[in-house]
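Hello,

Here is the structure for you to look over. My notes on it follow below.

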Amino acid sequence: MKQTSNEFLVNFKNPFTFEGKEYKNVDISGITKLTTGDLIEADALFGQTGQFAVMNEMTTGYACIVAAQASDKPVEFFQQLPAVEGVKLKRIVMGFFNS
(Lines give C-alpha, C1' and ligand atoms only; values in the text may rest on other atoms or scores of the structure.)
Protein backbone atom coordinates (compact mmCIF):
# COMPACT_ATOMS: atom_id res chain seq x y z
CA MET A 1 0.00 0.00 0.00
CA LYS A 2 1.44 3.36 -1.03
CA GLN A 3 1.66 5.91 1.75
CA THR A 4 0.58 9.39 0.74
CA SER A 5 2.03 12.47 2.35
CA ASN A 6 -0.16 14.87 4.24
CA GLU A 7 0.33 18.28 2.63
CA PHE A 8 -1.38 19.82 5.65
CA LEU A 9 1.03 18.39 8.23
CA VAL A 10 3.23 21.25 9.38
CA ASN A 11 6.53 19.72 10.52
CA PHE A 12 8.54 21.92 12.85
CA LYS A 13 12.27 22.43 12.41
CA ASN A 14 12.66 22.18 16.19
CA PRO A 15 10.23 20.86 18.81
CA PHE A 16 7.75 23.49 19.99
CA THR A 17 6.41 23.57 23.54
CA PHE A 18 2.89 24.84 24.22
CA GLU A 19 1.22 24.64 27.62
CA GLY A 20 3.86 22.18 28.83
CA LYS A 21 3.51 19.75 25.92
CA GLU A 22 6.13 19.32 23.20
CA TYR A 23 5.07 19.18 19.54
CA LYS A 24 7.09 18.17 16.49
CA ASN A 25 4.27 19.00 14.07
CA VAL A 26 0.64 19.97 13.80
CA ASP A 27 -1.98 18.60 11.42
CA ILE A 28 -4.32 21.14 9.83
CA SER A 29 -5.86 18.75 7.30
CA GLY A 30 -9.26 19.69 8.70
CA ILE A 31 -8.93 22.75 6.48
CA THR A 32 -10.39 20.65 3.65
CA LYS A 33 -13.62 20.23 5.65
CA LEU A 34 -14.17 23.89 6.53
CA THR A 35 -17.36 25.49 5.27
CA THR A 36 -18.08 28.97 4.00
CA GLY A 37 -19.69 29.61 7.38
CA ASP A 38 -16.39 28.73 9.04
CA LEU A 39 -14.63 31.29 6.85
CA ILE A 40 -17.22 33.94 7.70
CA GLU A 41 -16.55 33.21 11.38
CA ALA A 42 -12.79 33.45 10.75
CA ASP A 43 -13.32 36.81 9.02
CA ALA A 44 -15.27 38.09 12.03
CA LEU A 45 -12.62 36.87 14.48
CA PHE A 46 -9.90 38.46 12.36
CA GLY A 47 -11.73 41.79 12.43
CA GLN A 48 -12.22 41.58 16.20
CA THR A 49 -8.44 41.43 16.66
CA GLY A 50 -8.17 44.90 15.12
CA GLN A 51 -6.36 43.61 12.06
CA PHE A 52 -7.35 44.65 8.57
CA ALA A 53 -6.39 43.32 5.17
CA VAL A 54 -7.77 43.63 1.68
CA MET A 55 -7.34 39.86 1.38
CA ASN A 56 -7.51 38.24 4.82
CA GLU A 57 -6.16 34.91 3.57
CA MET A 58 -2.85 36.60 2.78
CA THR A 59 -2.11 37.44 6.44
CA THR A 60 -0.43 35.49 9.20
CA GLY A 61 -3.17 36.40 11.69
CA TYR A 62 -5.89 34.95 9.47
CA ALA A 63 -3.80 31.82 8.83
CA CYS A 64 -3.59 31.27 12.59
CA ILE A 65 -7.36 31.58 12.97
CA VAL A 66 -8.06 29.19 10.09
CA ALA A 67 -5.43 26.72 11.34
CA ALA A 68 -7.12 26.72 14.76
CA GLN A 69 -10.46 25.98 13.10
CA ALA A 70 -8.83 23.19 11.08
CA SER A 71 -7.14 21.52 14.03
CA ASP A 72 -7.70 20.67 17.65
CA LYS A 73 -5.42 23.51 18.79
CA PRO A 74 -6.40 26.99 20.00
CA VAL A 75 -5.40 30.07 18.02
CA GLU A 76 -2.85 30.88 20.74
CA PHE A 77 -0.94 27.72 19.79
CA PHE A 78 -0.36 29.08 16.29
CA GLN A 79 0.29 32.64 17.47
CA GLN A 80 3.12 31.40 19.71
CA LEU A 81 4.92 29.41 17.03
CA PRO A 82 8.43 30.57 16.15
CA ALA A 83 8.30 33.02 13.23
CA VAL A 84 9.77 30.54 10.74
CA GLU A 85 6.98 28.07 11.58
CA GLY A 86 4.34 30.80 11.36
CA VAL A 87 5.51 31.64 7.84
CA LYS A 88 5.41 27.94 6.92
CA LEU A 89 1.85 27.72 8.27
CA LYS A 90 0.80 30.83 6.36
CA ARG A 91 2.18 29.41 3.10
CA ILE A 92 0.21 26.18 3.56
CA VAL A 93 -3.05 28.01 4.33
CA MET A 94 -2.54 30.47 1.45
CA GLY A 95 -1.67 27.60 -0.89
CA PHE A 96 -4.90 25.84 -0.01
CA PHE A 97 -7.03 28.93 -0.65
CA ASN A 98 -5.21 29.76 -3.87
CA SER A 99 -5.19 26.28 -5.40
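Glu-85 is buried, with a relative accessible area of 3% (buried means under 20% relative accessible area, exposed over 50%, partly exposed in between, with a 1.4 Å probe and protein chains only). This is a predicted model, in which local features need pLDDT of at least 70 and side-chain atom pairs count only at pLDDT 80 or more, while totals for chains, interfaces and linings use all residues. Residues are numbered from 1 along each chain as its sequence is written, and side-chain values use heavy atoms, with hydrogens and water left out.

Glu-85 forms a salt bridge with Lys-88 (2.9 Å, N to O); the term means a side-chain nitrogen of Lys or Arg within 4 Å of a carboxyl oxygen of Asp or Glu. The two residues are 3 apart in helix H4, so about one helical turn separates them. Helices (H or I, at least four residues) and strands (E, at least two) are DSSP runs, numbered from the N terminus. Lys-88 is partly exposed, at 27% relative accessibility.

The count of salt bridges is 2. Asp-72 and Lys-73 also meet in one, at 2.7 Å, N to O. Asp-72 is exposed at 66%, whereas Lys-73 is buried at 16%.

The largest nonpolar core has 27 residues, and Phe-12, Ile-28, Phe-77, Phe-78 and Leu-89 touch the most other members. Such a core is a set of buried Ala, Val, Leu, Ile, Met, Phe, Trp, Tyr and Cys residues joined through side-chain atoms within 4.5 Å. H2 gives the most to this core, with 8 residues.

Regards
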